[in-house]
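Please read the briefing below alongside the sequence and the structure. It goes topic by topic, in plain terms.

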Amino acid sequence: MSLWSRITNVFHGDRLSREIDEELQSHVEEAIERGRDRAEARRAFGSTLRLREASRDIRLAAWLDSLRADAIFGWRQIKKRKVTSAAAILSLALAIGACTSAFRLIDALLLRPLPVAQPERLYVVSFENVGAAGRLTTYDSSSYPMFRQMRAAVKEQAVLLAVSYADRVDLTYGSDAEIEEAYWQYVSGGMFGAFGLRPALGRLLTEDDDLVPGAHPYAVISYDYWMSRFGRDPKVIGRTFRMGNDLYEIVGVAPKRFTGTETGTMTDIFVPMMMKNPGTLASPNNFWLRTLVQLRPGVAAEPVHARLVANFREFQQERAKTLKLNPQQLAKFFKEKLLLEPAPSGSSNLQRDYRRPLVTLGVLAALVLLIACANIANLMIAQAAARAREMALRVSIGAGRWRLVQLVLMESACLAFWAAALGGLFAWRSAPFIVSKINPPDNPARLYLPADWRVLGFGLALTVGVMLLFGLAPALRASAVKPASALKGGESPRARRHLMHALIAAQTAFCFLVLFVAGLFVATFDRLSNQPTGFSAERILNLETVTQRAQPPVFWDQVADHLRAVPGVEKVALTGWPLMSGESWNGSIAIHGAPSEVLSDFLRVSPGWIETMRIPLIDGRDFRPGDTFPGAAIVNVAFAKQFFDGQNPVGKWFDYLEGVSADARRDRFQIVGLVRDARSRDDMRRPILPTAYVPFHAIDAQGALQTISRGTFVVRTSSANPLALASTLRREVLRARPEFRVSNIRTQTEINRSDTLRERLLARLAFFFGAVALLLAGVGLYGVLDYSVLQRQREIAIRIALGAQAGHVMRRVTADIFSMVCAGALVGLALGFVSVRYIGSLLYQVTPTDPRMLAVPGLTILAAALLAALPPVIRAVRIDPAEILRAE
Amino acid sequence: MHKPDSLQGSLDLLVLKILSRRPRLHGYAIMSAIRIVSGDVLRAEEGSLYPALHRMEEAGWIRAEWITKQNGRRARQYELTATGRKQLGAEESRWQEVTAAVNRVLRMA
């Protein structure tokens, strides 16, 4: 109670003083009433002011009171210079906001532990191999038999959990016409138990739900899905839905904070592993799941890893027997290594793809923050100079050094906390904005971004750190004032200038680094987005269409015909999936017997597709309505180069093999056409692969046409904005055949763009940081030059009076600072070369040592420096010696 | 001659004791009481009484409230709290110990 009342009294300081005064006064009055002489009573009582101060110090927290007084004084100082302070607070707020935002993203994606029991015991299995061009590639998928074998091998030491990749699926709670989408994941039945999770409603899956293939049609839904889809209806338990041909029953709701183990995706529906189709479950070659390892208490990771490695080698040996690989393939096959990596915050592709970009952006934001800090430090130093007399006076009447440090620091704290408040607002809005830019709009990254103690703690630590960074040096300097010399009329300003110059050099170095990195990212994005695709994306709309039950090909053709009649439609074709959408299908090619080591991509397309996509036909013909798979194929130039030594392959034959093994199923094709290369994969960094286009209609072994449950209608519209037709086309598909449902409509331009989303995000944000860094550094340079001209105007006036030329004055004013800028730029360059080691993997066709990459930041900084120096230099040259020297 | 020093260290004890006997006194009355009860031997320095009162108030030994006297002026009255009563007991026994010890020394010497 006592400390609390002392703290609250700080904020009622005036009332407290009045009360003490009144009490002391009443004492004297009482004495007079008792007949004592007024003067004697006062004398006996002593100095009321001194007594009041003594009592005040007892009744309130003196340290807090002095802080309060300093804060008020500091705030008054800030308010006195509205424009400068507002600029300082805004620049700082932007930088603090950017840093906090970056931290929120990094924390949410990479650092925050999963809300499960002992997340630090969680690991993920991944595999590493030397891929094409000698680059190390890693992947983290296993097949189910492989998982089972690993689980048995370490069951004493660890619990192994299989989780499939979270996937968007179509399902329905009613009729086929009411299909909706949800994020779906197959998980080991024991997962919820191993994670120590309790259901929010109903029950969770158990190991008993994961025993017999196809026998456990039970689903657990996420809390988020329960809320958004069912409005938290408790009657959701027992509801059924259909996915594919299976009917599932909802048995429970997962706890609120658990959204799956794939950070960056929130799973809506969890079903047991055993519900995956039996063929996939049994196949040792179908890699479709992640293996999570939860160590048992007291077990170290290393022995478990060793056992898994041994087990993996056995498994590989078994597998090699069935694959019938050639010796070269075998050698590569056995080089594959099993890794065990900690996964306390889950495991996802988003983490792998965005680790470096996010950390890089965080560092850029931190550099901008440092630049802003240097600016404010320089501002404070200049102000401390203006206040040297005030400080000297304070020292003369007995203020201690620490008290002065506190005085100046409180001013910094006022700046920092205002900036932090604004920055917090900025971070609150900007982090979700960036998450929304990570994935294409139809499949957004879903990241849990809470504003909890971790984020607040980071913000607070950052604010205090920033305050000390820009406030401590000026505060120490201000407090070291020597009253005798300051009151006499000025210390040597030289020492102060040294510190300011050092800060300018640091600023330039950071600014150069930010601009250099931004330049690399912008150039990378430019090169990638200008990669030729080989087809025309203009006015193309892709209608990704599904049917609940597979439909005969003739129905698909009917829908395509129906769409051709819609006004505004120029051309319609059918394909398996849109180009560059990330889906792919590949297999080996055999020309004379042995399967090739290099794989070819395959894509099913209808007649008219190559014309719709405007892929030039070099030789041969397009498909005709009667062509089927297997049978006819159209190949690209890369295919001809790879498998026919670049000769025209039209009319020749090849075999397609489903896998790399020699006894895989073979299908025979005759090449009917040769087309130019067109990009089908989503990785813009890789060259266009050999590709064979095969007919959309397939026949089975008996020669009957196979039914189809998914495909994409590719529509070229006549209007410039294809999306204007989107809703009409969606309706027309349903009108043509009610079983057909368009699950996703995307323009081809959007798909192409989504393949460089990460690079675009990096380039844009880095460019933004670069612009801010340049602006701040420019303003800082201007401030310091301006201050130094002001400080030296007497000296300059004397020089001019003695006949110095304008050029000479200019050199004198700017020489020091420009040498600092150059030194800073050199340091920045060195830092830039070091940083390339970390960001190298994010670059494409950009060499950091390219003179152009160095010239851009160098020239930009030079231009900014010249621009910033212009006004102070003009002022220096225009100094009228008569006026200045008279004033002195 | 009694210097104000004579009260050193015992002012708290005296104030607490006075307040335990006669609750609701203002500063001047406490001072007078100390003087009168001690037979004019002990005198609290008038000024130093108030910081001491405020310190004890912050320590929670006494509590204060403003009252309006008949003549319309306000005065601040003090009374003992439960903590203060405990403190008084402790200070009293400490005082007894010290004086007893001093007495022993005087007798021995």
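Arg614(A) is partly exposed, because 15 other C-beta atoms lie within 10 Å, and a residue counts as exposed only at 12 or fewer. Arg614(A) sits in the loop between helix 20 (609-612) and strand 17 of chain A. The model is a predicted one.

- Arg614(A) has a phi near 55°, which is a positive value in a residue other than glycine.
- Arg24(B) also has a positive phi without being glycine, with a value near 60°.
- The place of Arg24(B) is the loop that runs between helix 1 and strand 1 of chain B.
- Is Arg24(B) buried or exposed? Arg24(B) counts as exposed because it has 12 C-beta neighbours inside 10 Å.
- A cis peptide bond leads from Phe629(A) to Pro630(A), with omega near -5°.
- Pro630(A) lies in the loop between strand 17 (617-620) and strand 18 (632-636) of chain A.

**Chain B as a whole**

- Chain B contains 4 helices and 3 strands.
- Along the sequence, these elements of chain B follow the pattern α-β-α-α-β-β-α.
- Taken along the principal axes, the box filled by the C-alpha atoms of chain B is roughly 55 × 35 × 20 Å.
- Chain B has 109 residues, and 28% of them are buried.
- Among the contacts in chain B between residues at least 6 apart in sequence, 51% join residues at least 24 apart.

**The sheet of chain B**

- The 3 strands of chain B form an open sheet in the order 1-3-2, with antiparallel pairing.
- Strand 1 (25-26) and strand 2 (62-68) of chain B are at the edges and have a single partner strand each, so one side of each has no neighbour in the sheet.
- Strand 1 of chain B is joined to strand 3 (residues 74-80) of chain B by 2 bridges, in the antiparallel sense.
- Which residue is the bridge partner of His26(B) in strand 3 of chain B? The partner is Gln77(B).
- Helix 1 of chain B packs on this sheet and touches strand 1, strand 2 and strand 3 of chain B. The direction of helix 1 makes about 90° with that of strand 3 of chain B.

- Six names make up the buried part of helix 1 of chain B: Asp12(B), Leu14(B), Val15(B), Leu16(B), Ile18(B) and Leu19(B).
- The cover over these buried residues includes strand 1, helix 2 (27-37), helix 3, strand 2, strand 3 and helix 4 (82-108) of chain B.
- Helix 1 (residues 11-21) and helix 3 (residues 46-58) of chain B pack at an angle of about 70°, and their axes are 11 Å apart. Helix 1 and helix 3 of chain B are therefore roughly perpendicular to each other.
- In this contact, helix 1 of chain B supplies Leu11(B), Asp12(B) and Val15(B), while helix 3 of chain B supplies Ala52(B), Leu53(B) and Met56(B).
- By type, the residues of the contact between helix 1 and helix 3 of chain B are 5 nonpolar, no polar and 1 charged.

**Where the chains meet**

- The contact between the chains involves 20 residues of chain A and 15 residues of chain B.
- On the side of chain A that touches chain B, helix 1 (2-10), helix 2 (13-33), helix 3 (38-45) and helix 4 (48-59) of chain A each supply at least two residues.
- Helix 2 of chain A gives the most to that side, with 8 residues.
- The residues of the side of chain A that touches chain B comprise 8 nonpolar, 6 polar and 6 charged.

**Nonpolar cores**

- In soluble globular proteins, nonpolar side chains tend to be buried together.
- The largest nonpolar core has 118 residues, of which Val368(A), Ile371(A), Val514(A) and Ala773(A) touch the most other members.
- Helix 13 (residues 349-386) of chain A gives the most to this core, with 22 residues.
- Leaving aside residues up to four places away in sequence, Val368(A) touches Ala95(A), Ala98(A), Val514(A), Phe769(A), Val772(A) and Ala773(A).
- A second, separate core has 53 residues, including Phe643(A), Val694(A), Ile708(A) and Ile745(A).

**Strand 9 of chain A**

- Strand 7 (residues 218-221) of chain A pairs with strand 9 of chain A in the parallel sense over 4 bridges.
- Strand 8 (residues 240-243) of chain A pairs with strand 9 of chain A in the antiparallel sense over 4 bridges.
- Strand 8 and strand 9 of chain A form a hairpin with 2 residues between them, and Gly244(A) in the turn has a positive phi of about 65°.

Key:
Residues are numbered from 1 along each chain as its sequence is written. Chains are lettered from A and ligands numbered from 1 in the order in which they are written. This is a predicted model: local features need pLDDT of at least 70, side-chain atom pairs count only at pLDDT 80 or more; totals for chains, interfaces and linings use all residues. Two residues are in contact if their C-beta atoms, placed from the backbone, lie within 7 Å. Ala, Val, Leu, Ile, Met, Phe, Trp, Tyr, Cys and Pro count as nonpolar, Asp, Glu, Lys and Arg as charged, and the others, Gly among them, as polar. Axes are lines fitted to C-alpha atoms, for helices over the stretch in contact, and angles run from 0 to 180 degrees between N-to-C directions. Angles under 35 degrees count as roughly parallel, over 145 as roughly antiparallel, 65 to 115 as roughly perpendicular and the rest as oblique. A nonpolar core is a set of buried Ala, Val, Leu, Ile, Met, Phe, Trp, Tyr and Cys residues joined through C-beta atoms within 7 Å. A residue is buried if 20 or more other C-beta atoms lie within 10 Å of its own, exposed if 12 or fewer, and partly exposed in between; C-beta atoms are placed from the backbone. Two strands pair if DSSP finds at least two bridges between them.
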